[in-house]
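Let's take a friendly walk through this structure, one step at a time. Have the sequence and the 3D view ready as you read.

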Amino acid sequence: MHWATWHANLGKLAMDVLGPESELLEQGPYELTRLQSMYLFTRSDTIYGGSNEIQRNIIAERALAMPKEPRQAR
C-alpha cells in the first residue's frame with residue numbers, strides 16, 4: 001500500500017518536472033521517454049496490488065485478525 005502510493009506520487013512528480021509537453025507526443029512511431037514510461041507504469045501499481053481500501057481490509061483481516069466485512073448475499 002505504501003509502495004503504490006509512493007510510486008504514483010513519484011510518477012506525478014516526474015510529469016510535473018517534464019512539464020505540460022510531457023503529455024504530448026509527436027507523430028508515430030511513439031517512443032516514450034523513461035519518465036513517461038515510469039508514469040504510465042505507476043498507474044498499474046494500484047491495479048495489480050489492489051486499491052488501498054482492499055489492502056487495508058487484507059491487513060485488518062489477516063495481520064490484525066479483525067472480523068471480515070459482511071458480504072452481501074446474491
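Contact here means heavy atoms within 4.5 Å. Keep in mind that this is a predicted model.

Leaving aside residues up to four places away in sequence, Thr-42 touches His-7, Ala-8 and Gly-11. Is Thr-42 buried or exposed? Its relative accessibility is 0%, so Thr-42 counts as buried, the cut-off for buried being under 20%.

Now step back to the helices themselves. Two packed helices are described by the angle between their axes and the distance between the axes. For helix H1 (residues 2-18) and helix H2 (residues 34-48), the angle is about 150 degrees and the axes lie 8 Å apart. Because angles over 145 degrees count as roughly antiparallel, H1 is roughly antiparallel to H2. Their crossing is left-handed.

Which residues make this contact? From H1 come Trp-3, Ala-4, His-7, Ala-8, Leu-10, Gly-11, Lys-12, Ala-14, Met-15 and Leu-18. H2 contributes Leu-35, Gln-36, Met-38, Tyr-39, Phe-41, Thr-42, Arg-43, Asp-45 and Thr-46. Sorted by class, the contact between H1 and H2 has 11 nonpolar, 5 polar and 3 charged residues.

Finally, move along to helix H3 (residues 52-63). With 12 residues at 1.5 Å a residue, H3 should span 16 Å, and its end C-alpha atoms are 15 Å apart, which agrees. After H3 comes Ala-65, with a positive phi near 55 degrees.

Conventions
Residues numbered from 1 in each chain as written. Predicted model: local features only at pLDDT ≥ 70, side-chain atom pairs only at ≥ 80, totals over all residues. Heavy atoms only, no water. Axes fitted to C-alpha atoms, helices over the stretch in contact; angles between N-to-C directions. Helix = DSSP H or I, 4+ residues; strand = E, 2+ residues; numbered from the N terminus. Parallel < 35°, antiparallel > 145°, perpendicular 65-115°, else oblique. Left-handed = near helix turned anticlockwise from the far one by under 90°. Nonpolar A, V, L, I, M, F, W, Y, C, P; charged D, E, K, R; others polar. Expected span 1.5 Å × (residues − 1). Buried < 20%, exposed > 50% of the residue type's maximum accessible area, 1.4 Å probe, protein only.
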